[in-house]
Amino acid sequence: MSLLSRIADGADRLVRRICEAVAWLGLALVLLIAFNVFARYLFSYGSVALQEMEWHLMAVLALFGMPYVINRGEEVRVDVLYAHFPARTKRVVNAVGDLLLAAVALFTLWLSLKFVAQSFTLGEGSADPGGLPDRWILKAAIPTAFALLAIQAVARFILDVAGRPYPVAPAHLES
């Protein structure tokens, strides 16, 4: 196995482990929503901070879901033509798509860094009374998730060029 293939495999494992750890926020989100519902209807208690935490957790889950979906090969494809391509053509299409995805992810990462820095510098918090402070923490998930997405896209590109199947090969790539 070449050095680049080992690097791609390591990147796959890194992205998978980070995203699987972040996925536990889904349980936290369910428990938080359940608490908010019970507290509101049984005890007439509501908290702006806890309600904001719901959408913060949902945003982080959505952001880190992008690289995880690519990592697991579960992205949605329109296979009208692709399904009939030979394996080599599929790898070329995948490689081009991986490069474009990496470019978009890196561009988004670059744009979001100023966004996060500005939020941190201003000490941005919730505009609502009783809301969460330090909104930059949530915003920092944007460049982090897009960095993982870029890493995953480059790893997939390396595997496409090497002609190796992905570690978790989607059914439509096995041929």
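Author: First, a term: buried means under 20% relative accessible area, exposed means over 50%, and partly exposed lies in between (1.4 Å probe, protein chains only). This is a predicted model, where local features need pLDDT of at least 70, side-chain atom pairs count only at pLDDT 80 or more, and totals for chains, interfaces and linings use all residues. Residues are numbered from 1 along each chain as its sequence is written, and side-chain values use heavy atoms, leaving out hydrogens and water.

Reader: How many salt bridges does the structure hold?

Author: A salt bridge is a side-chain nitrogen of Lys or Arg within 4 Å of a carboxyl oxygen of Asp or Glu. By that rule, the number of salt bridges is 3.

Reader: Which residue forms a salt bridge with R135?

Author: The closest N and O atoms of the pair are 3.8 Å apart. R135 sits in the loop between α4 (87–122) and α5 (136–139), and its partner is 83 residues away in helix α3 (residues 48–72). Helices here are DSSP runs (H or I, at least four residues), numbered from the N terminus. The partner is E52.

Reader: Is E52 buried or exposed?

Author: The relative accessible area of E52 is 5%. That is under the 20% limit, so E52 is buried.

Reader: What is the distance between the closest N and O atoms of E124 and K139?

Author: E124 is partly exposed, at 25% relative accessible area. K139 is buried, at 12%. The two form a salt bridge, and the distance between their closest N and O atoms is 2.7 Å.

Conventions. Helices (H or I, at least four residues) and strands (E, at least two) are DSSP runs, numbered from the N terminus.
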